[in-house]
Amino acid sequence: MTALSRRRFVTTAALASVAPALPAWAAPAPDGTGVDPIFGDDIVRLDYNESPYGPDAAAIKAMTSGVRQSGRYDYEQQVRLSQLFASQHDIPHDHVALYCGSRAALQCALASYAGPRSVVTAAPTYDSVASGAKTLQARVHEVPLTADHAHDVRGMLAVDRQAGVIYVCNPNNPTGTLTPHADITRLVADKPPGCLAIIDEAYIHFSDAPTCLALAVEREDVLVLRTFSKIYGMAGARLGVAIGNPALLARLEAFNGRNFIPLPTALGAIAALENPLLVTQRKATNAQVLADTVAALRKAGFPCTDAQANCFMVNLGRPVEPLRKALEQRGVRVGRVFEAWPDWLRVTVGTATQMQRFLSEFFALSPHASSLV
Ligand SMILES: Cc1ncc(COP(=O)(O)O)c(C=O)c1O
């Protein structure tokens, strides 16, 4: 057995052991052909941190009934959903606002607090923050992550004492890594006066990190963002949640124009929240597939981030773009280049079967990666 085929064997064996344990909702293509039922191809999409499982069965049923009722403006279901979210998270109902994607809430917050004042982010982090700030002509300060791949709170606090927004993504996209809760609390306590702290918890369900929801309830200048695009598998349904003080939410709403979310989305999200097993099952499956994938890469000598999310980064030791392109030609799409870490490739965690395919293509290309540079 060659080193490469041995490596593939180890990988396949580890990931195959996950596959039989997957519950029914996790089957990527019911006919077993590997053909994606939506796209009609067998491309492995590991590029946008989407869920490979989509909405769960109850959410699909509820969304389907919502489509039938879509002739009407139905704000009532949005209220039901925000009430359910508030009661499940033990926060007052008037501290919850729903948006067509958390990105919309993020942009409203930037529009409200940045522009003349700057935006402070980590580097690398979720790049829509910097791009959104730039559309508002706001200056962006990107502070490198620490050696542990956490937000450098001290550096972020020092970079601009007049900043309008400090953005923390926990777990961070693209690295999947965590920032200690004590550091976030310190950042909130010591940030410049009048500056908004945005704590983006898009990936929190995949991790063991404590939430910052209590900070958003206690203070007037902390906004926590959640999304249904990740663990709930509803990226295309567009649903984000902004949690903050009512006066803060009113400031954001001025940029949202009293828009509200689609009825099928509201009904689907209610069904998803009412499924007590969804988060725990998907979290466990994701953690297992992530651990097996990262173990195979590390065993082959590729450092990976200590991710607790549905994405991680692997260090190629050379610019990622040639390998990214070569993988795409082999039908495996992985994340774009993050300028701050040009040698690290972001990979979304798919199903065990998809990660087997990723690993076998990755290892097939990696021995020749230097010739691709
Ligand atoms: C950290 C982070 N926040 C927000 C979003 C956007 O979420 P939504 O689909 O709710 O707009 C993403 C999407 O990838 C993300 O990575």
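This is a predicted model: local features need pLDDT of at least 70, side-chain atom pairs count only at pLDDT 80 or more; totals for chains, interfaces and linings use all residues.
Okay, the overview. The protein has 373 residues, and buried ones make up 47% of them. On the secondary structure side, we have 14 helices and eleven strands. And if you take contacts between residues at least 6 apart in sequence, 74% of them join residues at least 24 apart.

Seven strands form an open sheet with mixed pairing, and the order is 2-8-7-6-5-3-4. At the edges sit strand 2, which is 96-99, and strand 4, which is 140-144, and each of those pairs on one side only. Going from one strand to the next, the twist averages 25 degrees. As a reminder, strands in a sheet pair through backbone hydrogen bonds, parallel or antiparallel. For a parallel example, look at strand 3, residues 119-123, and strand 5, residues 165-169, joined by two bridges. In that pair, V119 stands opposite V165.

Over to strand 11, residues 344-348. How many of its five residues are buried? Five of the five, so the strand is largely enclosed by the rest of the structure. You'll remember that side chains in a regular strand alternate between the two faces of the sheet. Here, W344, R346 and T348 point one way, L345 and V347 point the other way, and all are buried. The partner is strand 9, residues 311-315, which runs antiparallel to strand 11 with five bridges between them.

Next, the ligand. There are 13 residues around the ligand, and the closest are G101, S102, R103, T227 and S229. Sorted by class, that shell comes out as seven polar, four nonpolar and two charged residues.

Last stop, N245. Where does N245 lie? In the loop between strand 8, 240-243, and helix 9, 246-253. N245 has 19 other C-beta atoms within 10 Å, and buried would take 20 or more, so N245 counts as partly exposed. Which residues does N245 contact, once we leave aside neighbours within four places in sequence? Those are H95 and E220. One more distance while we're here: L215 is 30 residues away from N245 along the chain, and their C-alpha atoms are separated by 9.9 Å.

That's the tour, so let's open it up for discussion.

Note on methods. Residues are numbered from 1 along each chain as its sequence is written. A residue is buried if 20 or more other C-beta atoms lie within 10 Å of its own, exposed if 12 or fewer, and partly exposed in between; C-beta atoms are placed from the backbone. Helices (H or I, at least four residues) and strands (E, at least two) are DSSP runs, numbered from the N terminus. Two strands pair if DSSP finds at least two bridges between them. A residue is near a molecule or strand if its C-beta atom, placed from the backbone, lies within 6 Å of it. Ala, Val, Leu, Ile, Met, Phe, Trp, Tyr, Cys and Pro count as nonpolar, Asp, Glu, Lys and Arg as charged, and the others, Gly among them, as polar. Axes are lines fitted to C-alpha atoms, for helices over the stretch in contact, and angles run from 0 to 180 degrees between N-to-C directions. Two residues are in contact if their C-beta atoms, placed from the backbone, lie within 7 Å.
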